[in-house]
Structure formats: C-alpha cells, structure tokens
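Open the structure in your viewer and keep the selection tool at hand. The tour goes from one stop to the next.

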Amino acid sequence: MKLTTLEEHIIHAQNKFPGATGDLSQLLRDIALAAKIISREVNKAGITNILGLDGASNVHGESVKKLDLFANEQLQSALGRSNITCMVISEENEGVVRLSDESGKYIVYMDPLDGSSNIDISATIGSIFSIYIRPESKEPLREVDALQPGTKQVAAGYVLYGSSTVMAYTTGMGVQLFTLDPSIGEFILSEEDVRIPETGNIYSTDEGSYIYWDEALKKYVKYCQAFDTETNRPYKARYIGCMAADVHRTLLEGGIFMYPDSSKYPNGKLRLMYECNPLSYIIEQAGGVSTNGSSRIMEIQPKEIHECTPIYIGSKKNVEKLEEFFLA
Ligand code: P6P
C-alpha cells in the first residue's frame, strides 16, 4: 500500500487551491514538527524528570504540569519559525502572545497539552489547535482581532499522545487522520475524509458531577442507561478526562461527549476558542453536530479569549435526542 506522509498530503491539498501561497501548509507542518517533539517527550516522560507539577497555575487557576509548559514552548517556538503567525492564544498564557514582527497573516489558538491530569498516570493527552485569518485592518494588531466565531476557522485539529501518536486536521475539506511512525519520524495518512457514525451507543461525561447537573441532563443520562434493545440501550459509558481523546473516540465510534453547564460550572468548564471550536470544526466536517444546548458552538461570538462554554458534541442522532430532553 502506498504510504502518504502528512507533508505530501498537505501539498496535495494546497495544489487544489491555485491561489494558495503555501503559508497555511507551512503552518500545519510547523505544528506537526512540534507534535513530534512533544510526542518524544511524552513517551519518555516517566524516565526524565518532566512529570509532576511546575508549581505555577494557569489562567484558570489549574496547576500547571512541566509537560504543559514544554508543549507550550515547543508549539510557540515552531509557530515563531516563520512569519506566518502574528499572534498565539494559549491556555497556558493569560494574554495574547505576539510573534516575531506581528506581520503574519494567521492567528493560532491552542491548548498545548489537553488533559494534563492524565500525564502522571500515562493516560492519553493531546494538543489542540485552531487557526484564523487576521482581519484586514490598518490598525496595529489587537486582541480583539482574535475574537472571531468558530465558523471563521480556516483550519483546526488535534494531536493525541496515546497508544500511538495521532494527528487529525481539517481545512474545511473533510477530516484527515495521520499516525506517527516514530521509526521514520513521519505522520502517515491513516484515514481520509473520516465520517462520524450517524448514531452511537457511547455516552461520555463526568458522572461524578451528577448532583450539579440540571434535571434535563439527569433524565437524558438515565435514558442512556435504560434497557431498550431497539435503540441499543443501555449505552456504554466512556470518559478519558482528555476532551481531545473523548472526542476522537466519538469521531470514530459515534455517540456523544458532554461537558454541561452546572451549579459547579455555570458557564461550563471547557474553553470555547481552543477546545470546543476546533473539535466542533472536526466533528462537523465529519458529519456530526456540536451545540452549547441552544446554539451551534461555532456560531458563538466570543467576548473573551479564554471564555468557557457548555458543550454537547457527537453523532447527529445522539445530540438530537439530548436536545429533546432540553426542550421537554
Ligand atoms: P474534569 C482537561 O483538563 C479538560 O480541559 C478536558 O480535556 C477534559 O474533557 C476536561 O477538562 C476534564 O474535566 O472536570 O472531568 O476533570
């Protein structure tokens, strides 16, 4: 079988756009390079002293792990190699990070290491990225230039550091999956134009927060747990604690991932711009849906670069069934 590398696939996709400058291709290659370096560290983290807490905390007050900082540094360093990206917004940085001479035409959001609580137990973690065009303006670059709805993303994706290192991305022409072959240091195409099953029998949420949920969600989860052979219930419950990994499983096997608003997190916990929008772009490109319970995630107009949102994302039929409970 012919092997297609990520580099070849990106160039092939770029050639479909005669006007393409190659800048977005270079940006994706830069992210892939950082991902290879992060993958190498993740896969030997138990040996070197890179596990454990750094002692700092991020903008959300969450304790930062050393690998979080390493991933953040590697991604920002890779993005800074070429004058393609003018500004980075990262979960690990409170404000925007301006790159080089701010001349780049892309703005990149990222969660450099999603699911950090999994690092010390060797469970799957990931990196998530979301790419926007800098708006035309005679004004100097401003933070407000980054406050764009998810529908304006030009590309998005994630890297999973699990039993293998997998990269998924979309530029609006479907979802492409690659698996890293560490022996040659190349991401190899593993699946083109991935489609999410229209329905699935897996629901994914932190049921430990059940007491904080509103009644509609409690009723929906009880629906998932009820016996009904016709609709393949009870469903299976799966929760990895890394959104990128839970959404990747949902992409491949179908079902629904939920991180709701609750009395504990009135606006939800997950971040709109560098978790929910990029993963929603991937799922929508694969034929799925993603909502905050009342609106399409990608149509939310952000007010703040680190804002949170509830999210219900996955197979069309599963999300539609949940919405019936919200509307009841
Ligand atoms: P909880 C990881 O910290 C994260 O941002 C997502 O990747 C994950 O889905 C969620 O938070 C886990 O949150 O409250 O279940 O630990």
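This is a predicted model: local features need pLDDT of at least 70, side-chain atom pairs count only at pLDDT 80 or more; totals for chains, interfaces and linings use all residues.

Select C308 and show its surface. C308 is partly exposed, with a relative accessible area of 26%.

C308 is in no disulfide. The nearest cysteine sulfur belongs to C276, 8.3 Å away. A disulfide needs two cysteine sulfur atoms within 2.5 Å, so the 8.3 Å to C276 rules that pair out.

Now select C224. Is C224 buried or exposed? C224 is buried, and its relative accessible area is 0%. C224 is in no disulfide either. For C224, too, the nearest cysteine sulfur is that of C276, here at 19 Å.

Show the shell around the ligand. The ligand is surrounded by 13 residues. The closest are D114, Y239, M243, Y259 and K269. Color the shell by residue class: six residues are nonpolar, two are polar and five are charged.

- D114: a polar side-chain atom lies 2.6 Å from a ligand oxygen atom.
- Y259: a polar side-chain atom is also placed 2.6 Å from an oxygen atom of the ligand.
- R271: an N or O atom of the side chain is 3.3 Å from a ligand oxygen atom.

Finish with the ligand surface. How much of the ligand's accessible area does the protein cover? On its own, the ligand has 400 Å² of accessible area, and the protein covers 82% of that.

Methods. Residues are numbered from 1 along each chain as its sequence is written. Side-chain values use heavy atoms; hydrogens and water are left out. A residue is near a molecule or strand if one of its heavy atoms lies within 4 Å of it. A polar contact is a pair of N or O atoms within 3.5 Å; within protein, one must be able to donate a hydrogen and the other to accept it, and residues adjacent in sequence count only if both atoms are side-chain atoms. Accessible areas come from the Shrake-Rupley method with a 1.4 Å probe; for residues, only the protein chains shown count as cover. Ala, Val, Leu, Ile, Met, Phe, Trp, Tyr, Cys and Pro count as nonpolar, Asp, Glu, Lys and Arg as charged, and the others, Gly among them, as polar. Buried means under 20% relative accessible area, exposed over 50%, partly exposed in between (1.4 Å probe, protein chains only).
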